[in-house]
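Reader: I have a protein chain on my screen. Please take me through its nonpolar core, closely and in short sentences.

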Amino acid sequence: MTIQRTEAPVLRRYLLSNAAFSALSGVVAVAAADGLAGLLFAKDFTLLGLTATGLVMEIGIVLLIFAGLVFFVARRDTVKPVWVKAIIAADLLWVADTAA
């Protein structure tokens, strides 16, 4: 089963806005990694060879990759529901991890 471009305009808008916000967040994380690390963490640390700044930068890079994938899925003529479910699951995991 696939979803045609004309069948789900609301879903496509959701995916495109998800991609845009993820890309914006990724750019901010990469560009301002040092400042964000200072705000997010009480002190500098090293985890698996990454400093706090490096961790924020890595998160930004992952967000940019995720944004590209979501944009790619949103712009296809047909979308497989499994991709949409995977994107929604990733969003839910992100929110749950952020809230924890």
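Author: What follows starts with the chain as a whole and then turns to the core.

This is a predicted model: local features need pLDDT of at least 70, side-chain atom pairs count only at pLDDT 80 or more, and totals for chains, interfaces and linings use all residues. Residues are numbered from 1 along each chain as its sequence is written, and side-chain values use heavy atoms, with hydrogens and water left out.

The protein chain holds four helices and four strands. These are DSSP runs, numbered from the N terminus: helices are H or I with at least four residues, strands are E with at least two. From the N terminus on, the order is β-α-α-β-β-α-β-α.

The C-alpha trace spans about 50 × 25 × 20 Å along its principal axes. The radius of gyration of the protein chain is 16 Å, while a compact globule of 100 residues would have one near 13 Å. That radius is taken over C-alpha atoms, and the globule rule is 2.2 Å times the number of residues to the power 0.38.

Of the 100 residues, 25% count as buried. Buried means under 20% relative accessible area, exposed means over 50%, and partly exposed lies in between (1.4 Å probe, protein chains only).

Now the core. A nonpolar core is a set of buried Ala, Val, Leu, Ile, Met, Phe, Trp, Tyr and Cys residues joined through side-chain atoms within 4.5 Å. The largest one has nine residues: Leu 15, Ala 19, Phe 66, Val 70, Val 73, Ala 74, Val 79, Val 84 and Ile 87. Helices α1 (9-31), α3 (52-75) and α4 (81-99) each supply at least two residues of this core. The largest share, four residues, comes from α3. In soluble globular proteins, nonpolar side chains tend to be buried together.

Take Ala 19 as one member of this core. Leaving out residues up to four places away in sequence, Ala 19 touches Ala 67, Val 70 and Phe 71. Touching here is a contact, with heavy atoms within 4.5 Å.

Contacts across the whole chain come next. Among those with a separation of 6 or more, 69% join residues 24 or more positions apart.

Ser 17 also sits in helix α1. Ser 17 counts as partly exposed because its relative accessibility is 42%. Its C-alpha atom is 9.7 Å from that of Ala 74, 57 residues apart along the chain.
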